[in-house]
Amino acid sequence: MGLNGTESNRRADICIVGGGGHVGFPLALLFASKGQKVIVHDTNQHVLDVIARGVVPYFEKGAEPLLKQALRDDLLIFSAEPASVAEADTVIITIGTPVDEFMNPVLRVIGDCVDDLTPYLADDQLIVLRSTVYPGTTQWLDNYLKQRGKCPKIAFCPERVVQGLAIEEISKHPQIISGVTVEAETAAEELFSLISPEVVLLTPMEAEFAKLFSNAYRYVHFAVANQFYMMASSAGVDYYRVLDGMKKNYPRAKDLPRAGFASGPCLVKDTMQLAAFFNNQFSLGHAAMLVNEGMAYYVADRIAQKIDLSQAVVGLLGMAFKADSDDNRASLSYKLKKILKFRAKEVLTTDPHVVDDPELSPLGEVLQRSDVLILCVPHSLYRDLDTGNTPVLDVWNHLQSGVLL
């Protein structure tokens with residue numbers, strides 16, 4: 001049975017393009033948990049093989065039992081072939097808009113993906129864009145397909161979750177729904193009502209801005225804390241004593257976060273997409289990028305003020321882009337590593353979760369050999385870490401004990 005009760009002879013309800021990724025994989029599991037037959041489409045055959053064996057390819061809370069149940073119920077189909085999109089009533093594309101080395105959006109990525117899929121799309125299908133896209137992309141996709149003789153229903157329904165907690169958060173957060181036509185909006189609302197408690201209807205451009213504004217707001221928010229931290233530390237003042245004093249029984253300051261590395265695959269990228277859309281007039285966004293990206297330089301300079309880096313082995317604790325994650329994409333730990341490799345005698349790195357970095361060393365070796373440590377990521381496992389007499393710079397104020405710089 002297809003959307004809106006229409007008959008369909010296809011073998012699947014949904015095909016998720018990029019279904020092996022951080023956005024597509026948990027979405028596939030949630031729809032399968034509601035009885036939907038899902039094609040997990042991905043060009044990465046290795047990740048498809050891993051998932052098909054019942055192995056969760058990266059940290060996602062609650063994923064393992066859902067995956068095992070979906071496999072037992074035979075609700076997942078795995079394919080690396082673009083033709084598989086023809087076999088589902090709905091196609092969800094989780095390919096977003098990246099930025100290049102100049103922080104400009106690379107719109108061609110979506111175009112290349114759509115070009116591969118277009119020969120297999122039909123007019124009775126619903127096509128949903130799921131990842132962050134440049135403003136106007138949803139309408140562009142509709143026009144682009146029409147020029148090629150294709151008229152499916154086009155919608156943009158952005159994911160709005162913290163990576164690693166998608167299964168939990170999709171099930172409790174409102175889902176933004178937008179469609180190029182009323183028919184597309186209705187079909188998308190019906191689809192996501194299966195897994196979301198509430199839907200919010202917007203136009204496609206409104207939905208695109210809502211997604212970008214959310215990430216840019218968080219990025220600017222983190223930049224405020226990082227700038228305050230640098231100011232306080234440069235004056236010899238403990239930022240966290242100031243922060244505690246500000247927040248104590250004072251609700252207006254309750255949302256001010258801790259300082260730390262603000263990075264990852266989304267925040268800076270989406271902030272810069274808004275800047276590009278607004279002809280590089282997003283001065284607040286650019287300032288936030290300078291502050292957040294500048295934290296790596298500030299940390300290196302602060303260490304250099306305390307010790308002679310040229311004679312020191314520096315140990316970096318945590319290489320993921322955020323706490324308790326195994327994802328190291330766009331992690332500022334690697335930027336700090338590059339900076340220190342020019343200044344320090346040696347740089348050692350470790351992380352309890354990251355598995356795809358062959359240069360990582362065991363934690364014990366890093367603790368034993370380092371002359372100074374930097375807590376780059378506040379993993380839970382580091383909370384009670386015994387760093388002995390080795391001085392450590394903890395921007396996050398995460399460690400319970402140690403000789404702090």
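Axes here are lines fitted to C-alpha atoms, for helices over the stretch in contact, and angles run from 0 to 180 degrees between N-to-C directions. Helices (H or I, at least four residues) and strands (E, at least two) are DSSP runs, numbered from the N terminus. This is a predicted model, in which local features need pLDDT of at least 70, side-chain atom pairs count only at pLDDT 80 or more, and totals for chains, interfaces and linings use all residues. Residues are numbered from 1 along each chain as its sequence is written, and side-chain values use heavy atoms, with hydrogens and water left out.

**Stop 1: α8 and α10**

Select residues 204-234 for α8 and 267-277 for α10. The two helices pack at an angle of about 115 degrees, with their axes 8 Å apart. α8 passes α10 in a left-handed crossing (left-handed if the near helix is turned anticlockwise from the far one by less than a right angle, right-handed if clockwise). Now show side chains. On the α8 side, the contact (heavy atoms within 4.5 Å) has Phe209, Leu212, Phe213, Asn215, Ala216, Arg218, Tyr219 and Phe222. Facing them in α10 are Leu267, Val268, Asp270, Thr271, Gln273, Leu274 and Phe277. Colour this contact by class: ten residues are nonpolar, three polar and two charged. For these classes, Ala, Val, Leu, Ile, Met, Phe, Trp, Tyr, Cys and Pro count as nonpolar, Asp, Glu, Lys and Arg as charged, and the others, Gly among them, as polar.

**Stop 2: α11 and α12**

Next select 283-306 for α11 and 332-341 for α12. Their axes come within 9 Å and cross at roughly 40 degrees. That angle makes α11 oblique to α12, because angles under 35 degrees count as roughly parallel, over 145 as roughly antiparallel, 65 to 115 as roughly perpendicular and the rest as oblique. The crossing of α11 past α12 is right-handed. Asn292, Glu293, Ala296, Tyr297, Val299 and Ala300 of α11 touch Leu332, Lys335, Leu336, Ile339 and Leu340 of α12. The contact holds eight nonpolar, one polar and two charged residues.

**Stop 3: α1 and α3**

Move to α1, residues 24-33, and α3, residues 63-72. Here the axes lie 9 Å apart at an angle of about 55 degrees, which makes α1 oblique to α3. This crossing is left-handed. Select Phe25, Leu29, Ala32 and Ser33 in α1, then Ala63, Leu66, Leu67 and Ala70 in α3, which they meet. Seven of the contact residues are nonpolar, one is polar and none is charged.

**Stop 4: the second largest pocket**

The pocket contains about 400 Å³ of space; grid points are joined across faces, edges and corners, and a volume is the space filled by probe spheres set on the points. α8, α9 (239-247), α11 and β12 (391-394) each supply at least two lining residues. The largest share, five residues, comes from α11. By class, the lining has nine nonpolar, five polar and five charged residues.

**Stop 5: two cavities**

The whole structure has two cavities of 30 Å³ or more. For the largest, about 50 Å³, select Arg130, Arg160, Val161, Glu169, Ile170, His173, Pro174 and Gln175. Three of these lining residues are nonpolar, two polar and three charged.

**Stop 6: two loop residues**

Finish with the backbone. Aspartate 74, in the loop between α3 and β3 (76-79), has a positive phi of about 55 degrees although it is not a glycine. Asparagine 279, in the loop between α10 and α11, also has a positive phi, near 55 degrees.

Terms used. 1 Å grid on protein atoms, 1.4 Å probe; cavity = no way out; pocket = protein on both sides within 12 Å on 5 of 7 lines; lining within 4 Å.
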